[in-house]
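Work through the exercises below with the structure open. Try each task before you read its solution.

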Amino acid sequence: MSERVGTVKWINGPVIRAEGSRHVGMMELVEVGEEHLIGEVIGLNGSMITIQVYEETSGMHPGAPVFGTGLPLSVELGPGLLRSIFDGIQRPLPVIEMRTGSFISRGVHLTPLYRKDRWEFTPVMKEGTVVTGGEVIGTVPETPSIEHRVMIPPDVSGTVTWVAPAKAYTIVEPIARVKTTDGEKELTMLQRWPIRRLRPYKTRLDQSIPLITGQRVLDTFFPLGKGGAAAIPGGFGAGKTVTQHSIAKYADAQVVIYIGCGERGNEMTEVLQEFPELIDPRSGHPLMERTVLIANTSNMPVAAREASVYTGITIAEYYRDMGYHVALMADSTSRWAEALREVSGRLEEMPAEEGYPAYLAARLAEFYERAGYVHTLSGEDGSVSIIGAVSPPGGDFSEPVTQHTKRFIRCFWALDKSLASARHFPSINWLDSYSEYLDDVAPWWHKATNQNWIGMRNKAMELLSEESRLSQIVKLVGPDALPDEQRLVLETSRLLREGFLQQNAMDTIDAYSTVQKQIGMLALMLYFHDRAHDIIKMGATISVIHKLPVVDTLIRMKTQIPNDKLSMIDEIHEAIDAQMTQLEADYK
Amino acid sequence: MSELVDRGGQEVVGVSRIEGPILVIENAGNLGYDEVVEVIDSTGHMRRGRILEVSEKMAVIQIFSGTTGLSIDGTKVRIQGSTLKIPVAEEMLGRVFDGLGTPIDGGPVPLTNHFADINGQPINPTSRVYPRDYIQTGISVIDGMNSLVMGQKLPLFSGAGLPHDQLAAQIVRQATLGAPAGADAKHAEDFAIVFAAMGVKHDVANYFKNSFAESGALARVAMFLNLADDPPVERLITPRAALTLAEYLAFEKGMHVLVVLTDMTNYCEALRQISNIRGEVPSRKGYPGYLYSDLASMYERTGRVKTSKGSITQIPILTMPNDDITHPVPDLTGYITEGQIVLGRTLYQHGIYPPISVLPSLSRLMKDGIGEGQTREDHPHLMAQLYAAYAHVQDVRSLASVIGEEELGDVDQKYLAFGKAFEGKYISQSFTENRNIEQTLNIGWELLGLLPKEELTRVSLAEIEKYYKGI
Ligand SMILES: Nc1ncnc2c1ncn2[C@@H]1O[C@H](COP(=O)(O)OP(=O)(O)OP(=O)(O)O)[C@@H](O)[C@H]1O
Ligand SMILES: [Mg+2]
């Protein structure tokens with residue numbers, strides 16, 4: 001299947017140059033050296049072929065052979081993706097483990113999807129149907145959470161001449177035949193798609209439904225629309241990974257793709273050990289049933305890190321095309337950009353900023369553009385939401401990756417080192433963060449909660465920005481110098497910060513809040529503020545307000561009220577009423 | 001398969017350029033990328049080098065011991081046909097090696113036919129076991145606030161002149177790896193220390209050696225020394241050689257290995273030097289763009305795997321140039337390691353030992369290593385509360401410096417008292433004091449007693465009921 005197309009001439013880490021055939025294609029998958037290391041053609045100049053190699057090149061020497069495959073670097077798509085963990089070029093890590101033990105050796109050639117499993121196929125299409133790409137031929141219960149919809153490949157259309165009867169098949173057995181203008185094509189459940197080419201859809205739609213993550217500061221203050229893109233920038237230890245993990249666990253997406261791109265091995269292990277045990281609050285099945293993991297950790301070959309985000313997004317689009325809402329997390333896109341920089345540097349390309357190649361912005365744009373809420377070829381609605389972590393050097397957001405990313409996302413969750421060091425988690429700075437989806441998703445919130453969500457959210461934001469202004473004054477003169485009305489702003493803001501914005505990912509009750517709990521909590525805090533404000537106007541001091549028992553209740557309610565016991569919110573409302581009314585009596 | 005000839009032993013002549021530790025040769029057709037070569041000068045003296053870049057016409061070689069005395073004519077390069085490998089054996093414990101793994105203690109070369117590539121191979125994430133076993137170090141700020149877990153990589157971020165060596169030595173002496181907290185594991189068969197020095201002074205190496213000797217652990221220690229006056233390029237190999245032995249001991253011999261690497265900043269400087277001589281495009285402060293991946297290729301050689309009961313715990317030490325935590329070396333390290341212990345100059349100047357800056361310090365693996373069944377059920381909340389309170393102390397202190405202490409409100413006064421006591425009683429302890437976790441947690445509650453109950457919103461009401469003895 002692979003023929004010799006060239007001879008290695010120069011080796012510099014993951015980048016090699018070979019001399020050979022002029023028929024080799026750009027982005028073609030090639031195999032290099034006697035060990036057939038996997039690589040991709042990234043440059044052609046006359047008979048000089050530049051290749052990035054996805055495996056360690058130690059020991060490679062000039063004169064080694066290069067083999068062509070005639071195919072672009074692609075992923076395999078079909079049943080069996082969910083519950084899997086792959087490396088950056090979609091090699092299944094558990095199978096590598098069976099082959100080479102606890103350490104990853106190079107030169108291991110494996111098919112991404114297991115060929116021998118049988119999947120219960122149910123046809124939904126009749127023979128004689130005229131089809132175009134993307135239409136669903138049949139379904140397979142891939143996991144208890146997800147029905148896999150086997151689709152006509154996007155570039156195939158014609159008349160269905162045969163569909164396999166309902167039965168269990170392997171992914172390489174034929175399940176349909178389509179008569180096309182190029183003759184009859186046999187289809188299997190296994191399909192391939194080049195990772196750098198976006199999968200087609202019919203039309204793009206608005207992003208007016210929020211991706212609910214269960215994280216209060218995100219959903220209530222800086223919501224992401226389904227099909228949208230968000231960035232989480234932050235210095236080391238600020239909380240990017242914990243936030244991404246929380247979203248992967250609790251987001252109301254049907255499929256989750258988690259890419260560990262140049263990050264820690266243990267973080268992938270954690271997901272791998274935790275997700276099969278954790279139950280998805282919506283489907284009632286283990287989280288792993290809806291998850292695909294892609295792990296190209298920091299110590300794995302750098303070029304494969306570059307490929308990993310494309311591998312992930314292509315799989316995400318595939319499930320989107322079935323009509324699912326997919327959330328993709330990439331931790332961290334900075335490591336991906338650094339992989340680009342490393343390969344570019346070894347090619348001695350002209351650097352733009354901080355050594356990054358001039359095409360950094362274009363690559364980031366291409367990636368984030370693959371997010372979207374679409375009308376699929378099969379006529380369903382599906383979406384891919386992208387949440388990319390960014391790791392700016394020194395935590396300084398003025399660097400190129402953060403800056404360029406900002407141009408292509410509409411939701412910016414800025415993590416703050418000083419909040420993190422005070423153990424305010426998630427350390428999302430409410431003044432530096434923004435969401436451009438607020439107006440888009442407001443109608444959804446109003447419908448879902450029957451409350452004036454945007455009004456309450458804005459009111460809370462006002463209090464918090466007022467707090468920030470007042471605390472500048474406090475720093476100079478101390479809090480006692482402020483009038484009690486302003487001190488109440490500080491007090492309510494403290495409630496909001498400690499009781500609402502802070503959310504402990506490790507607390508069983510606090511880790512995830514439904515929208516009803518979120519809006520209920522917010523309403524209580526604002527109600528407290530309004531009542532207290534009136535009483536202060538009547539002459540009460542802030543210290544009597546501060547001493548009300550309900551203050552402690554409001555701060556602790558996040559860990560006390562389970563999502564299924566929201567009646568407790570009404571009880572707290574009554575407590576506020578009772579305590580305030582009593583106070584009022586004292587000042588009447 | 002015709003290319004698979006044995007290329008070992010062939011010689012190449014034709015040096016075209018020598019610059020710093022870099023040698024460029026012509027007609028290098030048979031050399032492999034990243035392989036080792038022997039370079040023989042005109043007097044017949046041999047030194048070793050590694051291929052950084054190779055084409056049919058030329059090869060760039062990095063000479064470990066430097067190029068002094070090499071000439072364009074008369075230098076020969078002998079091909080080894082393999083990447084750099086070192087012997088690994090249990091007998092290497094109790095021994096001292098140079099930065100390339102050659103014995104320098106007068107003893108024999110380790111007798112083994114087990115050779116391992118110094119670059120190792122990445123651990124498959126599916127083969128890892130998530131680290132969860134708490135290690136008691138006897139140091140309150142670490143055990144209580146930033147607990148160390150077996151299989152964690154937790155660096156010390158320090159500054160010139162700060163007592164990071166003492167702290168590391170105290171951790172090594174008191175840490176109870178592979179044994180229940182508090183028990184003495186030092187003499188256990190399955191415990192080992194691998195120590196790698198990169199560009200540090202002789203007295204630092206001696207300090208560690210004496211400290212290992214005093215605690216009776218010397219027979220369980222392997223030392224790889226590249227000192228300040230040793231060739232800088234060699235220190236690119238030293239931590240890798242050390243980790244190669246550590247991996248062998250941990251994953252093939254089932255030992256619990258503690259690896260101390262000092263000073264990573266010197267390592268990074270050597271890497272920068274090579275990169276600059278080669279004219280590579282720098283990223284920040286002249287460091288190469290691949291510094292992150294390069295550091296990760298060492299730090300990630302930590303942890304536990306399913307197939308062995310052993311573990312590697314890493315404590316890299318680095319000095320932050322100008323005490324700047326955003327400098328590329330601490331910054332990229334922090335992005336890879338599982339937390340960091342940061343030493344602070346202000347605390348040190350106030351005579352506090354260990355001068356650990358609590359707020360920027362972090363242990364990411366702590367969450368699974370503490371609490372009920374590991375340390376005590378109140379530990380996670382207590383830690384969060386101490387953090388929050390101490391963070392608030394900083395605000396109060398800066399307010400006090402503006403308006404004066406007397407002007408502070410009641411509660412803030414209490415925070416000031418808490419801050420002082422926290423630094424004096426919790427952070428501060430002597431070099432020989434070994435506190436158990438119970439003592440550490442109890443001191444924490446004692447200090448929280450200085451604050452009013454309403455302030456303690458991070459601990460649960462039940463915990464307050466049980467442990468709070470306040471005003
Ligand atoms: N929501 C949260 N609840 C509780 N703890 C948190 C939360 N978010 C972060 N943390 C704490 O902060 C630590 C660091 O978080 P995390 O690993 O997510 O940082 P990061 O931004 O991904 O850092 P890096 O860039 O180095 O990977 C965690 O180990 C945890 O202790
Ligand atoms: Mg992270």
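This is a predicted model: local features need pLDDT of at least 70, side-chain atom pairs count only at pLDDT 80 or more; totals for chains, interfaces and linings use all residues.

**Exercise 1.** Find where A:Glu40 lies, and decide whether A:Glu40 is buried or exposed.

Solution. 
- Step 1: Locate the residue. A:Glu40 belongs to strand S4 of chain A, residues 37-45.
- Step 2: Check the accessibility. The relative accessibility of A:Glu40 is 1%. Buried means under 20%, so A:Glu40 counts as buried.
- Step 3: List contacts beyond four places in sequence. They include A:Met27, A:Val30, A:Ile51, A:Tyr54 and A:Leu73.

**Exercise 2.** Describe how helices H10 and H11 of chain B pack.

Solution. 
- Step 1: Take the geometry. H10(B) spans residues 379-403 and H11(B) spans residues 410-427. Their axes are 9 Å apart, at an angle of about 120 degrees.
- Step 2: Classify the angle. The two helices are therefore oblique to each other.
- Step 3: The crossing of H10(B) past H11(B) is left-handed.
- Step 4: Name contact residues. Among them are B:Leu386, B:Tyr390 and B:Val393 of H10(B), and B:Tyr415, B:Phe418 and B:Phe422 of H11(B).
- Step 5: Sort by class. The contact has 12 nonpolar, 2 polar and 4 charged residues.

**Exercise 3.** How many residues of helix H4 of chain A are buried, and what covers them?

Solution. 
- Step 1: Name some. A:Gly265, A:Met268 and A:Leu272 are among the buried ones.
- Step 2: Find the cover. It includes helix H3 and strand S20 of chain A, together with helix H9 of chain B.

Notes. Residues are numbered from 1 along each chain as its sequence is written. Chains are lettered from A and ligands numbered from 1 in the order in which they are written. Side-chain values use heavy atoms; hydrogens and water are left out. Helices (H or I, at least four residues) and strands (E, at least two) are DSSP runs, numbered from the N terminus. Buried means under 20% relative accessible area, exposed over 50%, partly exposed in between (1.4 Å probe, protein chains only). Contact means heavy atoms within 4.5 Å. Axes are lines fitted to C-alpha atoms, for helices over the stretch in contact, and angles run from 0 to 180 degrees between N-to-C directions. Angles under 35 degrees count as roughly parallel, over 145 as roughly antiparallel, 65 to 115 as roughly perpendicular and the rest as oblique. A crossing is left-handed if the near helix is turned anticlockwise from the far one by less than a right angle, and right-handed if clockwise. Ala, Val, Leu, Ile, Met, Phe, Trp, Tyr, Cys and Pro count as nonpolar, Asp, Glu, Lys and Arg as charged, and the others, Gly among them, as polar.
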